[in-house]
Amino acid sequence: MQLLAENLTRSFGNRRIVGPLDISVGPGRVLAVAGQNGSGKTTLVRTLAGLLRPSTGHVWLVRDGVRTAPRDASWAIGWVAPDLSLYGELTAAENLLFFVRLHGRPALPGWADERIAAVGLDPKRIAAHPIRALSTGQRQRVKLAFATLHEPPVLFLDEPSSNLDDAGRAVVEAVVRDQRARGLCVVASNDPGDLALADERITL
Amino acid sequence: MRPAERPGLFVASKAVFLKDLTSEWRTRVSTNALLLFAFAVLVLVGYAVGPASLSPEDRPTVHSVLLWIVIFFSAMTGLARVFVKEEDAGTAAALRLSAPPPAVLLGKLLANLTLLFVVTAFVVPLFLAMMSFRIEGPTLFVLLLVLGNVGLASACTFTAAIVAKASAKGTMFAVLAVPLLLPPLIGAVMGTRVAATEADLAQGLDFVKLLVAYDGVVTTAAFLLFDAVWRE
């Protein structure tokens, strides 16, 4: 699968936040989006993910020559961002099971625990706690599990290492490494470690 | 591109419905608001009007109006939260990426309907007992309650989706929902008055038909328009 943006801009009112940009990310590739605070990284990622409509231009997910708008292929997209929240009154496992059901994927017994362990958390230790009782770093790890639970071919990581310790950063590296084998990844960050994971970079 | 992996509408809407019920059970924000509001209004009505302060011929009309006022304002108090809390808590984007829009609407509608039925089950027996409100046609009365609740839940759920991203959510919700809810309320009030005085179901059939038509139109319109409302 390929991510394609053509003459992409995004404005709020008369204020242009992003673009015009042409972007092409192929399978197995990782694109970094860098830029100062307020430069439009999050807006760009949300537009590429189909969560915001472009003001001009187009975003396409291309597979076998067929172009699909991201909002019509949300099954193909994983997304992590600082403004993403999971359901605070549910546990991590309940959140993951809820979202995997929405994606129409089977969840065998123990599946959620495996996903939680894969992001470096102890499933038994956090089993009784709702998400809102977890630390910010633990929540960030659960968000990474959420973004990859349906094995999406396109993964957007907006500030993926925020609030993470060194072990958490290693989880981000593993997520990006796995994503290369599955599809493509876009990482928006100011963190040198995050940016170093990418093959190419655009700076806003 | 990989449509076979998408869950069926009912599987996804059931997941949304159960998630909303679990969330509500653990926080009880909407339930408490609705029940406390309903109880407060019931007590006020009981003291202000009471069972004996009205002439027998006025009772069916006044009691019908008061009963639906309690249900209506309870709905206005709690049903908007179903979408507003998703936007406020930052969970809406995750839901947008994960669930087909019709499944979100159906799941939320069922959750709101459940909440409204709980309130109705709490309010109606208390109201009937406190006001000595005698119902001659119980079948018609139950039909009106069910259909009226479906109409209230459908209109409130869709309106909640529209106002969820607005800054003045409460005002917007009232401005949009009140005109939308007047037709079924008028039908429900008039039908309830008939149910209070007539044992024959046929006497109130016009109001049942009105509510069935309203529920059908509003629910269909909600499903047709929801995709644009939810994803913009």
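## Contacts and overall form of chain A

In chain A of this predicted model, 68% of the contacts with a separation of 6 or more are made by residues 24 or more positions apart. The secondary structure of chain A comprises seven helices and nine strands. Buried residues account for 56% of its 204 residues.

The radius of gyration of chain A is 17 Å, which agrees with the value near 17 Å that a compact globule of 204 residues would have. Along the principal axes, the C-alpha atoms of chain A occupy a box of roughly 50 × 35 × 30 Å.

## Surface and charge of chain A

## Aromatic pairs

A pair of aromatic rings is described by the distance of the centres and the angle of the planes. Over all chains, the count of aromatic pairs comes to 10. One of them joins A:F99 and A:F146, whose ring centres are 4.7 Å apart; the planes meet at 65°, over the cut-off of 60 degrees, so the pair is edge-to-face. This pair links distant parts of the chain, since A:F99 belongs to helix α2 (residues 92-102) of chain A and A:F146 to helix α5 (residues 136-148) of chain A, 47 residues apart. Both A:F99 and A:F146 are buried. A further aromatic pair, formed by B:F83 and B:F226, is tilted, with 5.6 Å centre to centre and 45° between the planes. Here too the pair links distant parts of the chain: B:F83 is in helix α4 (residues 81-89) of chain B, B:F226 is in helix α9 (residues 205-231) of chain B, and 143 residues separate them.

The relative accessible area of B:F83 is 1%, so B:F83 counts as buried. B:F226 is likewise buried, with a relative accessible area of 1%. In chain A, ring pairs join A:F99 and A:F146 with A:Y87 and A:F98 into a cluster.

## A buried lysine in chain B

B:K108 is located in helix α6 (residues 101-130) of chain B. Its relative accessibility is 0%, and B:K108 therefore counts as buried, the cut-off being under 20%.

When neighbours within four places in sequence are left aside, the residues in contact with B:K108 are B:V16, B:K19, B:D20, B:V82, B:F83, B:E86, B:L95 and B:T157. One of these, B:F83, is the residue that forms the tilted aromatic pair with B:F226.

## Positive phi values in loops of chain A

Most residues other than glycine have a negative phi, and most peptide bonds are trans. A:E151 has a positive phi, near 50°, although this residue is not glycine. A:E151 is situated in the loop between α5 and β7 (154-158) of chain A. With a relative accessible area of 39%, A:E151 is partly exposed.

A:N163, also a residue other than glycine, has a positive phi near 70°. The loop between β7 and α6 (166-182) of chain A holds A:N163. At 53% relative accessibility, A:N163 counts as exposed, because the cut-off for that class is over 50%.

Methods: Residues numbered from 1 in each chain as written. Chains lettered and ligands numbered in written order. Predicted model: local features only at pLDDT ≥ 70, side-chain atom pairs only at ≥ 80, totals over all residues. Heavy atoms only, no water. Helix = DSSP H or I, 4+ residues; strand = E, 2+ residues; numbered from the N terminus. Rg over C-alpha atoms; globule rule 2.2 N^0.38 Å. Buried < 20%, exposed > 50% of the residue type's maximum accessible area, 1.4 Å probe, protein only. Contact = heavy atoms within 4.5 Å. Phe/Tyr/Trp six-rings, centres within 6.5 Å; stacked < 30°, edge-to-face > 60°.
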